[in-house]
Amino acid sequence: MKIAVLTGGVGGARFLRGLVDAVDPAQVTAIVNVGDDLEVLGLAVSPDLDSVLYALAGVADEERGWGRADETWNALESVEALGGESWFRLGDRDLGVHLVRTQARNAGQSLSAVTARLAVALGVETTLLPATDEPLRTWLDTPNGSFAFQDWFVARRHRDPVDRVRFEGAASARPAPGVLDALHEAALILLAPSNPFVSIGPILAVERIRSAIERRRVPCVAVSPLIARQAVKGPAAVMLQRLQGGTTAAHVAQCYPGLIDVLMIDEADAADADAVSALGIRPLITRTLMRDPTARRRLAEAALDAVAFA
Amino acid sequence: MTAYVIPYRIGGKTRLGDPKLALAMLSDVTDAVNEVAGEALLVDGPGGQGEAVAGALATLSGPVTIVNADVPCVTSVELEQLTASAPAIVAARDGTTNAIALRDADDFEPLYGPGSARRFAQRLGATRLALPGLRDDVDTWEDLERVRDRLGKNTRRYLSRLVRM
């Protein structure tokens, strides 16, 4: 019983942790956003792949929500003291991953190949795949100009309102090796509670991934990233308001037209359930806040139960 | 007295593509339950199986045995063994769960889906029983072929009619 999960970084990584507590980790394939990938200090950084990698390896910093636990910042402090580029927080342990990845990429290895190697090295049994091996970059058009994702999200603290999200390179991007197989072999497809525009959106911008999900023969379940019509973290609610016209669960469902069968929504959004049903999508009301390992495992279990019927 | 609950989705079992076959298999399960308990409670709902069962169990208390509707080889003896072993489960070959016996309806948690046998066994502290009639669920015509000699009378009769046609 294989499961394919489309996911972004932090929230998606937490959701995956819960999922692999509920099912055999080796049965799960994570198809991860690469629209946030960037070069920092000459290094190839894949923030969402790293968040998922660290979470599944059990080395993520749970409190901070990103990066590695027991992290130190000596290298970055040194860079800063030398007047180097220091806006993107690279920790010392974290740097090891970027160094290995950058060397592999420079030697001509694909992102998916080096990702697989890193996952094995960190003891991760779940298959981690970048959505594509080709350059696909998320750009935000705002009244203050157009910004690459991390420039907008980190450097400008996502304060500019977004008029449009673009995915540079998406038109020609092919799914990474293994992505379409994972979608075809899955008994269940899940969309993690990540931002629909900038986390799941770039994955679905790869045409062959989107069409594989449109033509699915198995259920696809999305988890809403909202609780009480607010984002748990990050700009999802602000973006939904501006780009989709509101922050109800139905507005989340409308981000995935023809792509999902079930939308899991929080108890605090139960009033929106009928509007979700009206879109032909079954709402499943549960607790979606992943405050601890038990809560995130239960969320995954509810997603699995949602599509089970003997 | 143990209550028997059978989750049954009308129009389900789409992989078999034959609702009458699904109904024949259900009849074999209800026959086996009727021999043991005299009545079976069928449950359905818009959502997942666990949700549907949880909804039904909310109105019950005391021991309960939940049996899927797609185990046409089940016997009343197996049901008695399962119920007597509560908390106990019977897993399907693919790691999902075909039957659950609980000491109390309140013990139930909605944990169906891929890999559910492991979750039910862990969470309920349940014994895993290897009862062949409860283990062999029928999702496909190949599954049906494999258990042909052990089918209950309703499924057997339905298949013999198909052959004659």
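The model is predicted, so local features need pLDDT of at least 70 and side-chain atom pairs count only at pLDDT 80 or more, while totals for chains, interfaces and linings use all residues. Residues are numbered from 1 along each chain as its sequence is written, and chains are lettered from A and ligands numbered from 1 in the order in which they are written.

A:Ala182 sits in helix H7 (residues 179-185) of chain A; helices (H or I, at least four residues) and strands (E, at least two) are DSSP runs, numbered from the N terminus. Setting aside neighbours within four places in sequence, A:Ala182 is in contact with A:Ala4, A:Thr29, A:Ile31, A:Thr127 and A:Leu129, contact being C-beta atoms, placed from the backbone, within 7 Å. A:Ala60, 122 residues away along the chain, has its C-alpha atom 25 Å from that of A:Ala182.

Turning to chain B, six strands form an open sheet with mixed pairing, in the order E2-E1-E3-E5-E4-E6; strands pair if DSSP finds at least two bridges between them. Strand E2 (41-43) and strand E6 (127-128) of chain B are the edges, each pairing on one side only. E6(B) pairs with strand E4 (residues 88-91) of chain B in the parallel sense over two bridges, and B:Ile89 stands opposite B:Arg128 there.

Helix H1 (residues 19-37) of chain B lies across strand E1 (3-7) and strand E3 (64-67) of chain B, at about 170 degrees to E1(B). Axes are lines fitted to C-alpha atoms, for helices over the stretch in contact, and angles run from 0 to 180 degrees between N-to-C directions. Helix H2 (residues 49-57) of chain B lies across E1, E2 and E3 of chain B, running at about 150 degrees to E1(B).

H1(B) also packs on helix H3 (residues 76-84) of chain B at about 60 degrees, with the axes 8 Å apart. The contact involves B:Ala32, B:Val33, B:Glu35 and B:Val36 of H1(B) with B:Ser76, B:Leu79 and B:Glu80 of H3(B).

Between the chains, the contact takes 17 residues from chain A and 23 residues from chain B. Strand E14 (282-286) and helix H13 (293-306) of chain A each supply at least two residues of the chain A side, and H13(A) gives the largest share, four residues.

How values were computed
Contact = placed C-beta atoms within 7 Å.
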